[in-house]
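Please walk me through this structure in the viewer. Tell me what to select next and what is there.

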Amino acid sequence: MNLKNKPIRSCIVCRVRSEQNIMLRLQCNDKTLSIFSGKGRSFYLCSKCCEDNKKSVKSIYRQCKNKAEYEEQLKEMIEIWKTK
Ligand SMILES: [Zn+2]
């Protein structure tokens with residue numbers, strides 16, 4: 001296994017750069033957040049920002065270019081992600 005070639009992504013909230021596989025990858029469609037399905041635009045949240053929903057949700061508004069009940073949705077996504 002080549003450790004040097006692990007994909008690195010940056011968190012939309014704090015901009016920290018981390019390995020793709022330890023970050024939460026989400027997408028936003030019609031004011032609904034979901035775990036990235038493999039199609040379309042996506043963005044990443046680091047595990048630290050997953051613990052600070054209030055701060056993270058503002059970055060999500062920016063990513064989605066609209067405002068919706070993302071704080072609640074984010075909580076659900078984090079639960080799904082953690083139990084994966
Ligand atoms: Zn972060």
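**Stop 1: Ser-59**

Select Ser-59, which has its place in helix 1. The model is a predicted one. Is Ser-59 buried or exposed? Ser-59 counts as buried, because its relative accessibility is 4% and the cut-off for buried is under 20%. Now show its surroundings. Setting aside neighbours within four places in sequence, Ser-59 is in contact with Ile-12 and Val-13.

**Stop 2: Ser-56**

Stay in helix 1 and pick Ser-56. Ser-56 is buried, with a relative accessible area of 0%. Which residues does Ser-56 touch, not counting those up to four places away in sequence? They are Val-13, Leu-45, Cys-49, Cys-50 and Leu-74. From C-alpha to C-alpha, Ser-56 and Arg-9 are 16 Å apart in space, and in sequence they are 47 residues apart.

**Stop 3: the zinc ion**

Select the zinc ion and its protein donors: the SG atoms of Cys-11, Cys-14, Cys-46 and Cys-49. These donors lie 2.2 to 2.3 Å from the zinc ion. Why is the arrangement tetrahedral? The four donor atoms subtend angles of 106 to 116 degrees around the zinc ion, so the arrangement is tetrahedral. The rule asks for all angles to lie between 85 and 135 degrees. Along the sequence, the donor residues follow the spacing C-x2-C-x31-C-x2-C.

Now highlight Cys-14 and Cys-49. This pair links distant parts of the chain, 35 residues apart. Cys-14 sits in the loop between strand 1 (8-10) and strand 2 (17-19). Cys-49 sits in the loop between strand 5 (43-45) and helix 1 (53-64). Colour the two by accessibility. Cys-14 is partly exposed, at a relative accessible area of 33%. Cys-49 is buried, at 6%.

**Stop 4**

Switch to a cartoon view. Look for an open sheet of three strands, ordered 4-3-5 and paired antiparallel. Which strands are at the edges? Strand 4 and strand 5 are, each pairing on one side only. From one strand to the next, the twist averages 40 degrees.

Select strand 3 (residues 24-29) and strand 4 (residues 32-35). They run antiparallel and are joined by four bridges. Leu-26 stands opposite Ile-35 in strand 4. Strand 3 and strand 4 form a hairpin, with two residues between them. Zoom in on the turn: Asp-30 has a positive phi of about 45 degrees there.

Next, take strand 3 with strand 5. Three bridges pair them in the antiparallel sense. Arg-25 stands opposite Tyr-44 in strand 5.

**Stop 5: the helices over the sheet**

Bring helix 1 back into view. Helix 1 lies across strand 3, strand 4 and strand 5, and runs at about 175 degrees to strand 5. Helix 2 lies across strand 3, strand 4 and strand 5 as well, running at about 10 degrees to strand 4.

In helix 2, click on Gln-73. Is Gln-73 buried or exposed? Gln-73 counts as buried, at 15% relative accessibility. Its contacts, leaving aside neighbours within four places in sequence, are Lys-31, Thr-32 and Leu-33.

**Stop 6: helix against helix**

Helix 1 and helix 2 (residues 70-83) pack at an angle of about 105 degrees, and their axes are 9 Å apart. That makes the two helices roughly perpendicular.

Show the side chains where they meet. From helix 1, select Asn-53, Lys-54, Ser-56, Val-57, Ile-60, Tyr-61 and Cys-64. From helix 2, select Tyr-70, Glu-71, Leu-74, Lys-75 and Ile-78.

Methods: Residues are numbered from 1 along each chain as its sequence is written. This is a predicted model: local features need pLDDT of at least 70, side-chain atom pairs count only at pLDDT 80 or more; totals for chains, interfaces and linings use all residues. Side-chain values use heavy atoms; hydrogens and water are left out. Donors are N, O and S atoms within 2.8 Å of the metal (3.2 Å for Na, K and Ca); water is not among the atoms, so sites may look incomplete. Four donors count as tetrahedral if all angles lie between 85 and 135 degrees; four count as square planar and six as octahedral if opposite donors are over 155 degrees apart and all others between 65 and 115; anything else is irregular. Buried means under 20% relative accessible area, exposed over 50%, partly exposed in between (1.4 Å probe, protein chains only). Two strands pair if DSSP finds at least two bridges between them. Axes are lines fitted to C-alpha atoms, for helices over the stretch in contact, and angles run from 0 to 180 degrees between N-to-C directions. Angles under 35 degrees count as roughly parallel, over 145 as roughly antiparallel, 65 to 115 as roughly perpendicular and the rest as oblique. Contact means heavy atoms within 4.5 Å.
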